[in-house]
Amino acid sequence: MRKIDKSKILSAVYKKWEEALENNQEHHPQYTASHRFHKDIVMNLYHIQGGLCAYTEMKILASEYDYDEANWIKGRFKKGKSKHLGQLEHFDPKLKTDYPKSWLWDNLFMVLNEVNHEKADKPTDSILKPDRPDYDPYELLDYDFEKHIFFANIKSGKLSQSEIDRINKMIDVLGINFVKDWRKKYVSERIKALEFGIIPDPAEEYMTAFEITRRNLNL
Amino acid sequence: MKVSELYIKKYHQFEDFTLNLTYPEGHKLAGQPLNKVCFIGQSGTGKTTLLNVLKVIILSIKKEIQEGHKNIMIGQSDYGDMSIDIFHKNGCIKIGLYNVHMRNGSYYAVQCEKDNIVELQSEIWFKLFNYPSDIDLPKNLYALRNKAELIDNPKLKDELIINFENYNIGQIWETINETVIEDRETEIRKSLEISRLLKDPINSKELIDKATNDFRKWREETPNPIQDLADNYLDKIIGRFNLKVKTELDFEKKEDIETIKIQQKNGKEIPFEALSTGTKQVILTALPLYGLKPKDSIILFDEPERSLYPDIQTEIVDFYTSMAENSQFFFATHSPLVAASFEPWEIVELKFNEETGNVEQELYYDVEKGRHVDNYIIYPQYLTYDGILKRVFDMKNEPNNLRMNELVKLATLESQLKHNKLSPEAKKEKFEEIIKLADQLDWDLK
């Protein structure tokens, strides 16, 4: 799960509306996919996430041209329908329902449909929140190249047992290993190329798994 | 004669749907119709519908064209326009069912691009076998034999359409029995002749030798059907159930020469009604193919895996196809093990297009590069069972989160053992935990 910088705002009209709600401590309207700002948020997130699922790093938007900056006019996204496999996900599910902050920018990510479905309303722990300022995947995560799964980083020696347990729990909640078999193929092919002395094409998805493996194998 | 293309203009979830049913470029049979086809896909995608469409087209055209009709009106129908390309020794012909709108109403008509009806009749002169998924398996075959209704049934050997939606599959037992009984009666008659010669001292050794040699020659030239059925077909499969076809004649009861009997490998006879559903299914579905020896036929088979244990499922396609010469099989299945018997171009995977709601074929080759054997990316026969589930049946994930979480636990334990400073006792304890967990996960420690 890559670190995500959400500071680049293209859907400025939405962001102004969201900030006004927050500043005035108003309840957000109920979350619905037909809301006028829904597509603006989705495409701004795709722009920031490079068309990848925020948690699994699977490519879920068919065309990178869909989130090109030119598709925003006066702070609104103007392009038509995009082909994608994602859903707008509320990191903390309580903010979607119990507390009406359904449209809070900081709580939203684009993720693979199935991952969002599986995560549902499971409670979350911000120890693994990709846009947290001090989140560093290489400090918190390790990648097992045989099982092709992420797990808590033991080898750094910096994490307590409690933190290890919290991270492993969140790996499950966020479905980071859901894409295990796709990721296995993609990462293995690139690592194999390196082992044969071939420089593979730059990874377009699953970068974190590839980079940790590369470092672990000293390639 | 085989089907090389199926087209459906609009029917249920299919719209402007074309199936290329030929071997791809680069194959030794490139351009020729596939010998076997396997429809797979989620429930509701239309696997059985495709079998039905093939059946409806073939039944309609066979009936009309063999009666000498062409461009014949056959009345109203719920089916839309659809056609098949029939590949035969002289080329390919498109025959279809089309809606025709006329002043006095709309009709459903058989139409064919070929003018010569006699030629056409010879070109579609093939048998059609249809095995639906809900075949009625009789409980007791021996009782069936005596039913008066069987007497009036047409000889299945002469039928061009063997549709088990209409026929009781047990009837075929009778057809095969005729061959078996005839063979046994001939064998007994010839044996008795030799016995008579031996008993009479007036007969010379040459005469007896000649009779014995004649018998041996007859037996060599006329394989014992029950022995052939046992050795070459049924025993290979029912042997898995610890069963075999009874081939010995013991004359204890009249029915010993009148029926095909099944026994355990230790010789204990098993009444048909006591056989398992899977065993009955294998025997009863195989017998029509064995008995009627299809040649140049089209055979439709829905859910051949029904009631069969996985090991039998892996062999059932080869088993059925070995019993029909130069025929074309269409299977529809939910079984990854059945699908594993097919070459990639023989599989038609059906998937819903979420946008249109229609069903489309998921192509297993790189479309931009073209339909060539080198461009196929999924080879079911090369895959492990796990791989078939994942690559062909889209079961991409672990069976459940429990396994995934235990794999994360195993990776964490291994990393701790490798990187943490632990006492020898703690190391041993953690290692034993790893061994136990790896065993539970069937994970090979590397």
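## Strands and cores in a predicted model

An open sheet of three antiparallel strands in chain B has the order E10-E11-E12, where strands are DSSP runs of at least two residues and helices (H or I) runs of at least four, numbered from the N terminus. Two strands pair if DSSP finds at least two bridges between them. The edge strands, each pairing on one side only, are E10 (243–245) and E12 (269–270) of chain B.

This is a predicted model, in which local features need pLDDT of at least 70, side-chain atom pairs count only at pLDDT 80 or more, and totals for chains, interfaces and linings use all residues. Residues are numbered from 1 along each chain as its sequence is written, chains are lettered from A and ligands numbered from 1 in the order written, and side-chain values use heavy atoms, without hydrogens and water.

Strand E13 (residues 298–302) of chain B has five of its five residues buried, that is, under 20% relative accessible area with a 1.4 Å probe, protein chains only. Ile298(B), Leu300(B) and Asp302(B) point one way from E13(B), and Ile299(B) and Phe301(B) the other way. In a regular strand the side chains alternate between the two faces of the sheet.

| Strand pair | Direction | Bridges |
|---|---|---|
| E11(B) and E12(B) | antiparallel | two bridges |
| E8(B) and E13(B) | parallel | four bridges |
| E13(B) and E14(B) | parallel | five bridges |

Phe129(B) stands opposite Ile299(B), and Leu300(B) opposite Phe330(B) in E14(B).

Phe330(B) is also among the residues with the most contacts inside the largest nonpolar core, which has 99 residues; such a core is a set of buried Ala, Val, Leu, Ile, Met, Phe, Trp, Tyr and Cys residues joined through side-chain atoms within 4.5 Å. Helix H1 (residues 47–66) of chain B gives the largest share of this core, nine residues.

Terms used
Buried means under 20% relative accessible area, exposed over 50%, partly exposed in between (1.4 Å probe, protein chains only).
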